[in-house]
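Work through each task before reading its solution.

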Amino acid sequence: MATQLKEVDAVIVGLGWTGGILAKELTAAGLKVVALERGGLRDPASDYALPGVRDELRYVHRHDLMQNTARDTLTIRNKPAQEALPMRQLGSFLPGEVVGGSGVHWSGHTWRWSDNEFKIRTLYEERYGKGYIPADMTIQDWGITYAELEPYYDKFEYCAAVSGKAGNIRGQIQPGGNPFEAPRQRDYPLPPLTPILSNVVFSEAARNVGYHPFLRPSANASRAYTNPDGSKFGACQYCGFCQRFGCEANAKGSPHMTVIPIAMRNPNFELRANSWVTKVQKDSSGKRVTGVTYTNVLNGEEFEQPASMVLLCAYAINNVHLMLLSGIGQPYDPVSQKGVIGKNYCYQTGAGSTLFFENRNFNPFMSAGGSSATCDDFNQNWNFDRSSHGFVGGFTVAAGVNTALPIGYRPVPGGTPPWGKEWKAATAKWYQTAMTIGSSGSVMANRYNCYDLDPTYKNAFGQPLMRMTFDYTENELKMGRHAAQIVNDIAKSMNPTRLNPASVRQSWSVVPYQSTHNTGGTIMGTNPQNSALNKYLQNWDCHNLFVVGANVFPHNASYNPTGPVGALAYWTADAIKNRYMKNPAPLVSA
Amino acid sequence: MTLSKLLLSSAIALLAVTGAAQAQDAKRGEKLYEECVACHSKDRGAHGIGPALHGVIGRKAAELADFRYSPALKRSGITWNTQSLESYIADPQKAVPANRMPYAGMPEARDRADLIAYIRAAMK
């Protein structure tokens, strides 16, 4: 039988960026908080230090910091008519499983999503007419505005040591920044990273054809930095081992070296690592949650942790899984389009080209996680007319290197054999001479792209696996074709010796890595009929349950998600501290 | 400044510094120590990614038993004093090849002198 523990004020499920931010903020406000993290506690001095951290096999190919698929995974299919099969090896996306979560192994790209996303249905209907949005595209307004979130973006950027150049300060366009970004109150805490050669040559080519390249803002400290909480950052060393690794120089903004240690110094806080939450418990009314059940994965012992408030802060997919396993809210049904839990799962799309320049050395081994020059002309730029291409959403176009690894990074021109003597000669010849131009594209919600519980396969705890049904629709194909054309036009203008051109992704495959940017499933919105959570990420059914992470996004943009994930965590922390603690009730009336 | 330029300028700075005697400013050094503090605490035994620097002056390199040093630093035979710190901070990989400190070096001689003045004063 499960051991009953003493009630606490709040239990946090998952301790990455969102759990860390809430743990720090709520313990400082006087709440007794317990955090349960399924992964282990790592010590940066031994686990993320040289030389062990540069072990590509361990961290990249054997996924040392990621979810263990032998214990729990998802089943995957493209279409509702197919039988979903379990993903036995991680591929397309890499959820973190460690204290610090995916915030340990991310690259640091930090964007501000704006009203282009938050008011998407209103804006597209206003500009392009009601008939422009396809009937099966279930996009909706988020119920929040950029103006509301602006101070919280700022807070996250200053916490995480984001290096970049503002493009728009209170309406004034700033040279060197992204001219299309939403207005901000002040610049980033640190200047942009030093550009690498591929950033420089791409920027020149993009500018020549009339686009507006800028250096991407990223949580890689461009110089030593102390954040407003007193957390200390070293300067990024451009070591080339960023994505999928912990930082050896304490230069990557990560929860395990900022918010989590601050929470841990607070006597109100307790961390229990290796603790796997299997269920959120409800009371008999179904209107309140009472705590969680979890298993210590080291010895199999089961516990019940009662709490006045439950905060789901696990990886986006696992938050939704836990809601479905706990029977909170009505599961979404794509046929009747009733129910909300599992609704609007989205991913991202993209198109990439590789350019080879004989006798030009790019030194790809030397880069930061955020070494990228980016154009936002087809994304945040609302003046870009989507109607001539017939899609909703946008895409960024960018060039740079992120983690050009000794084993994994082997660019060769098309037509090269995939192994043997010729491949070896080609990889030796072209390694130094290649650069990539890629685009990352949004994915709009579709009624058939969703999560539910798998009817067949179970995890190590005997619980049904999460089932993901996802494929690209005509909207993404239209956008992908346009993105590939823009990428190839810029690439050709640079006269490479050889070019592997970009092409549209026709169908989604779970096998190759693409991005850990899974969104939706427990979306925020304006009412309980169309969403699982209100604008404060509070559950409509149980007011003492908050669900935080990219699972709250009603659709996915082309930008990386961590900026709004961090900002929304601070936003929710403030709503809990300033309003919910004084009057524990729904913060928005249904 | 690119990394290669940074390394180059630090090598030039190293040539220029020998024998330069100027007044050191430990106050300024404290500010410069911000480049180190993400990894190196000044409190005894409080190791981070790098070892705590309490009592570093006069100590042999890689001497503390409770920190895992690189083989390169263990072999180096260095005793930390103004001169050895000066060349190590200027260009760590040049001074002790294959050491594990992820730091590209401090190019300006005056910065290094001020930093070492601070270390001497604050980490006794």
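**Exercise 1.** Which residue in E22(A) is the bridge partner of Phe356(A)?

Solution. The model is a predicted one.
- Step 1: E16(A) pairs with strand E22 (residues 498–500) of chain A over three bridges, in the antiparallel sense.
- Step 2: Within E22(A), Arg498(A) is the bridge partner of Phe356(A).

**Exercise 2.** Which residue in E19(A) is the bridge partner of Thr349(A), and how many bridges join E16(A) to E19(A)?

Solution. 
- Step 1: Strand E19 covers residues 434–441 of chain A and runs antiparallel to E16(A), with eight bridges joining the two.
- Step 2: Thr349(A) has Gly441(A) as its bridge partner in E19(A).
- Step 3: Six of the eight residues of strand E16 (residues 349–356) of chain A are buried, so E16(A) is largely enclosed by the rest of the structure.

**Exercise 3.** In what order do the four strands of the open sheet lie, and which are the edge strands?

Solution. 
- Step 1: The order in chain A is E5-E4-E21-E20, and the pairing is mixed.
- Step 2: Strand E5 (85–86) and strand E20 (450–458) of chain A each pair on one side only, and these are the edge strands.
- Step 3: E20(A) and strand E21 (residues 464–469) of chain A run antiparallel and are joined by five bridges. Leu453(A) stands opposite Met466(A) in E21(A).
- Step 4: Helix H10 (residues 316–326) of chain A lies across strand E4 (74–77), E20 and E21 of chain A, and runs at about 70° to E20(A).

**Exercise 4.** At what angle do H7(A) and H13(A) pack, and which residues meet?

Solution. 
- Step 1: Two packed helices are described by the angle between their axes and the distance between the axes.
- Step 2: For helix H7 (residues 146–159) and helix H13 (residues 562–580) of chain A, the angle is about 110° and the axes are 8 Å apart.
- Step 3: Angles of 65 to 115 degrees count as roughly perpendicular. H7(A) and H13(A) are therefore roughly perpendicular to each other.
- Step 4: Residues of H7(A), including Leu149(A) and Phe156(A), meet residues of H13(A), including Gly563(A) and Trp571(A). By class, this contact has seven nonpolar, two polar and one charged residues.

**Exercise 5.** How many residues of chain A are in contact with chain B, and which helix supplies the largest share?

Solution. 
- Step 1: In chain A, 20 residues are in contact with 15 residues of chain B.
- Step 2: H2(A) supplies the largest share of the side of chain A that touches chain B, three residues.
- Step 3: The residues on this side of chain A divide into 12 nonpolar, six polar and two charged.

How values were computed:
Residues numbered from 1 in each chain as written. Chains lettered and ligands numbered in written order. Predicted model: local features only at pLDDT ≥ 70, side-chain atom pairs only at ≥ 80, totals over all residues. Axes fitted to C-alpha atoms, helices over the stretch in contact; angles between N-to-C directions. Parallel < 35°, antiparallel > 145°, perpendicular 65-115°, else oblique. Contact = placed C-beta atoms within 7 Å. Nonpolar A, V, L, I, M, F, W, Y, C, P; charged D, E, K, R; others polar. Pairing = 2+ DSSP bridges. Buried ≥ 20, exposed ≤ 12 C-beta atoms within 10 Å, placed from the backbone.
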